[in-house]
Amino acid sequence: MKKKSGANEFDYNLIKVFDAVITAGNAARASQQLQVTPAAITLAIQRLQQTYDEELFIRTREGLTPTPRAREIHRAYSKAVDIINATFERTATMPARYEMKITGDDVSEQYYFAQLFDMELFERFRLHYLSSTGKSFSRQSNDLQAGKSDLLLSTHYFSEPDIEQTIIDQYRQYTVICNTRNPLCELPQLSLANLYASRHAVYHPYKVKTALKKDIKSNDGLSFFNNQFSVRYYTDSINGLLSIIENSSLIAILPLKIARFFQAQGKYRIALIALPDEIDIEIIRVYAGWHRDNAQRDQIKEVIIMLQTLINYRK
């Protein structure tokens, strides 16, 4: 396929045809929607296809199925159409029902929300993400009740009757992280001695609660390990934690999938090591919370469903 040179040669009428075919599912229904013949739709799609090097549609029994590249182009076209439509309104601002204020820690922003923008449903929302760093639980609750925040992601369960919450994620598996130059990273698994002799850094929003397993706790020879870890660094910033781990001999305990996520990004030189078998760690639950009288509760639940879909996909 020969790719044309760009916008100067592009027929912008093809945008309406492209949108109609994707939303209608086939040329016949698209032709009815645009009140033209199916042959005209087919010709327009052929012309559009010549503009791009990649296939845009796959023909199936159900009709024309758009490829991932076609959906990407469609999202870009939709934004352009929205901008044009906005010029016909007295104000180009979004309706208030599309605005949503979300409060959470930086893991929630990077691990959950940053991954949602490829979802088409997400195009209908304009989000304002507010950091919960430094905010007490009572202030977070008050912000929901006062409408300063619509949706709160937190590991804390609120008992107030006006705050509704649902679990969106649970952390059951954990790992130790250290920098890749730390001699400990050569070990597939830490011993209790390794774990308690090391200096720790703690990510405060996901502060893990560890305990020795019952049969170990009753062993007098291991009574030393009933003591607390030697914690030298507390932080509310996940990037701050990873940076200090990367540049020191400190170690940290994180949920396994969070550690894998940041390791896969390749921004930090960190290694993952299994915890000792003798250690139990309390499950951390992540809650999505909102005020029960929030006027946008239907939209809030849509965002929560998107989050749960992403989380289930990652399992």
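Among contacts between residues at least 6 apart in sequence, what percentage join residues at least 24 apart? In this chain the share is 77%, where contact means heavy atoms within 4.5 Å.

The model is predicted, and local features need pLDDT of at least 70, side-chain atom pairs count only at pLDDT 80 or more, and totals for chains, interfaces and linings use all residues. Residues are numbered from 1 along each chain as its sequence is written, and side-chain values use heavy atoms, with hydrogens and water left out.

Start with the overall layout. The chain has eleven helices and 14 strands. These are DSSP runs numbered from the N terminus: helices are H or I with at least four residues, strands are E with at least two. Of the 315 residues, 43% are buried. Buried means under 20% relative accessible area, exposed means over 50%, and partly exposed lies in between (1.4 Å probe, protein chains only).

Next, take a pair of helices. Two packed helices are described by the angle between their axes and the distance between the axes. Helix α2 (residues 27-34) packs against helix α3 (residues 38-51) at about 105°, with the axes 8 Å apart. Axes are lines fitted to C-alpha atoms, for helices over the stretch in contact, and angles run from 0 to 180 degrees between N-to-C directions. α2 and α3 are therefore roughly perpendicular, a label for angles of 65 to 115 degrees; under 35 counts as roughly parallel, over 145 as roughly antiparallel, and the rest as oblique. On the α2 side, the contact uses Ala27, Ala30, Ser31 and Leu34. On the α3 side, it uses Pro38, Ile41 and Thr42. These residues divide into five nonpolar, two polar and no charged. Here Ala, Val, Leu, Ile, Met, Phe, Trp, Tyr, Cys and Pro count as nonpolar, Asp, Glu, Lys and Arg as charged, and the others, Gly among them, as polar.

Now the charged pairs. Side chains of opposite charge can pair when their charged atoms come close. The structure holds eight salt bridges, each a side-chain nitrogen of Lys or Arg within 4 Å of a carboxyl oxygen of Asp or Glu. One of them joins arginine 69 and glutamate 54 at 3.6 Å, N to O. Arginine 69 lies in helix α4 (residues 68-86) and glutamate 54 in the loop between α3 and β1 (57-60), so the pair ties together parts 15 residues apart in sequence.

Another salt bridge pairs lysine 257 with aspartate 169 at 2.7 Å, N to O. Lysine 257 sits in helix α10 (residues 256-265) and aspartate 169 in strand β6 (residues 163-171), so this pair links parts 88 residues apart in sequence. Lysine 257 is partly exposed at 26%, while aspartate 169 is buried at 4%. Salt bridges that share partners also join Glu54, Arg69 and Glu72 into one network.

Aspartate 150 and lysine 101 form a salt bridge too, with the closest N and O atoms 3.7 Å apart. Aspartate 150 is buried at 5%; lysine 101 is partly exposed at 29%.

Which residue has a side chain in polar contact with that of aspartate 150? The partner is asparagine 294, at 3.0 Å. A polar contact is a pair of N or O atoms within 3.5 Å; within protein, one must be able to donate a hydrogen and the other to accept it, and residues adjacent in sequence count only if both atoms are side-chain atoms. Asparagine 294 lies in the loop between β14 (284-291) and α11 (297-314). Asparagine 294 is buried at 10% relative accessible area. Its side chain also reaches the backbone nitrogen of glutamine 296 at 2.7 Å.
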